[in-house]
Amino acid sequence: RLLDPISIQETSVTLSWTLTQSSQAIDRLSISLISEKDQNERIETINNRNNLTSYTITNLRPNTDYTVRLIPLNGLANRLGRPSNAISIRTSESMPSSAPMDV
């Protein structure tokens with residue numbers, strides 16, 4: 001189950017979750033991010049050998065809405081677990097690169 005994000009920055013977000021099934025059966029986690037602007041999907045797969053409960057995703061676009069979902073994977077059986085709840089996040093706005101002009 002995905003929880004509310006711990007931290008949201010301009011180009012990164014730190015997610016946290018709780019596992020409702022045995023974490024020993026899960027060896028990898030797949031994090032799916034869908035951008036609301038262009039409907040592109042980005043998938044990050046992480047090892048779960050240390051029973052992770054949080055992860056920071058970087059290289060996101062500033063001021064962009066994303067839908068995030070976590071999918072547990074079992075490499076031995078090559079099976080997907082039940083996907084988590086989906087959460088919506090918006091990255092922070094970035095700082096302007098220069099002062100306003102023609103004001």
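Helices (H or I, at least four residues) and strands (E, at least two) are DSSP runs, numbered from the N terminus. The model on screen is predicted: local features need pLDDT of at least 70, side-chain atom pairs count only at pLDDT 80 or more, and totals for chains, interfaces and linings use all residues. Residues are numbered from 1 along each chain as its sequence is written, and side-chain values use heavy atoms, with hydrogens and water left out.

**Whole chain**

Start with the protein chain as a cartoon. It has zero helices and eight strands, in the order β-β-β-β-β-β-β-β along the sequence. Next, show the C-alpha trace, which spans about 60 × 25 × 20 Å along its principal axes. The radius of gyration, taken over C-alpha atoms, is 16 Å, whereas a compact globule of 103 residues would have a value near 13 Å. That globule rule is 2.2 Å times the number of residues to the power 0.38.

The protein chain exposes about 6,900 Å², with carbon and sulfur atoms supplying 46% of it; the areas come from the Shrake-Rupley method with a 1.4 Å probe, and for residues only the protein chains shown count as cover. Of the 103 residues, 29% are buried. Buried means under 20% relative accessible area, exposed over 50%, and partly exposed in between (1.4 Å probe, protein chains only).

**Salt bridges**

Side chains of opposite charge can pair when their charged atoms come close. A salt bridge here is a side-chain nitrogen of Lys or Arg within 4 Å of a carboxyl oxygen of Asp or Glu. By this rule there are three salt bridges.

Select D27 and R28. Their closest N and O atoms lie 3.8 Å apart in a salt bridge. D27 is partly exposed at 29% relative accessible area, and R28 is also partly exposed, at 27%.

Move to R42 and E44, a salt bridge with 2.4 Å between the closest N and O atoms. R42 counts as partly exposed at 26% relative accessibility, while E44 is buried at 15%.

Finish with D65 and R90, whose side chains form a salt bridge of 2.8 Å, N to O. This pair links distant parts of the chain: D65 belongs to strand β6 (residues 65-74) and R90 to strand β8 (residues 87-90), 25 residues apart. D65 is partly exposed, with a relative accessible area of 29%; R90 is partly exposed too, at 47%.
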